[in-house]
Each structure stands twice: as C-alpha cells, then as structure tokens.
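Here are a few friendly notes to read alongside the structure. Keep the 3D view open and look for each residue as it comes up.

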Amino acid sequence: MILVHQGFGQKGHTLRHPSMQPPYSSTDVAMAIGISLDTFYRTRRLRHERDGLPPPISERGPLKWERTGFDAWLTRHHPMRPKTIANDAFASPPAASDDEHRERLRKAYGQHDS
C-alpha cells in the first residue's frame, strides 16, 4: 500500500491512502439534498433532529462530513425520498371476508387444524 503525503496537520504529517477521498463539505451536502448552501446553514440543526442527518466530523473550521456515513444516510433517509411500505414491494389488497383472510393465512403459514 502506498501512502501519499497530504501536508502538515496540527499533530505532524498526515498520510492518506490514494484511493481515500476527502470528506464532504457543506457545499457537497447542500447540493446532494437539493438546497442552497444558505438554506443548509440555516436549517442544519433541524435536519439533524428531524431528518437524522449525521453530525459533521468537525465543528471547527469548515464543516466536513464523513463520506460513507453521509452516503448511507442519503440512501436511507433522504427527506425527498418517497415513502415505501416496509418489507413489501406492493401491499396485498385487503381480504373481503374472514374466510378469505383465514385461507390466505393457511396458504402463507401452512395447514393448521385445531
């Protein structure tokens, strides 16, 4: 593995693997969720509380977000993502009667005689 010198940090030299990408900036995050940078700064705390946006990895200097954490959040919890029914691609139509419901249960879970 080859490490690339990235400059001097507060604690000395920092080395980074060439395939590692830098963290997301506030501009990157705002563009990913489809809002302006100004709106993002004004509503960031609300987005953390309401939408579950991950916190930045640094509160000092320019805000930065860890890439994999933000990408995972964007995949699962993006505020503009349409709501889906858990575990089912499509909901089955409701049963017309108790007998129809019992028949569906028998088919799904096997015959149960009691």
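This is a predicted model: local features need pLDDT of at least 70, side-chain atom pairs count only at pLDDT 80 or more; totals for chains, interfaces and linings use all residues.

1. Let's begin with helix α1, which spans residues 26–33. Which of its residues are buried? They are S26, V29, A30 and I33. Looking down the axis of α1, you will find these buried residues within an arc of 100°, so they line one face of the helix.

2. The mean pLDDT of the chain is 77, with 68% of its residues reaching 70 or more. Confidence is highest in β3, at 93, and lowest in strand β1 (residues 4–9), at a mean of 44. Over residues 1–10 the pLDDT is below 50, and this stretch has 20 contacts in the model beyond near neighbours in sequence.

3. What do the buried residues of α1 pack against? Their partners are β3 (24–25), α2 (37–51), β4 (64–65) and α3 (67–77).

4. Now find the largest nonpolar core, which has 11 residues in all. Among them are V29, A30 and I33, along with Y24, F40, W65, F70 and W73. The elements that give two or more residues to this core are α1 and α3, and α1 gives the most, with three. In general, nonpolar side chains tend to be buried together in soluble globular proteins.

5. Finally, look at what comes after α1: the helix is followed by G34. The phi of G34 is positive, near 80°.

Notes. Residues are numbered from 1 along each chain as its sequence is written. Side-chain values use heavy atoms; hydrogens and water are left out. Buried means under 20% relative accessible area, exposed over 50%, partly exposed in between (1.4 Å probe, protein chains only). Helices (H or I, at least four residues) and strands (E, at least two) are DSSP runs, numbered from the N terminus. The arc is that of the directions from the helix axis to the C-beta atoms. Contact means heavy atoms within 4.5 Å. A nonpolar core is a set of buried Ala, Val, Leu, Ile, Met, Phe, Trp, Tyr and Cys residues joined through side-chain atoms within 4.5 Å. pLDDT is the predictor's confidence in each residue, from 0 to 100.
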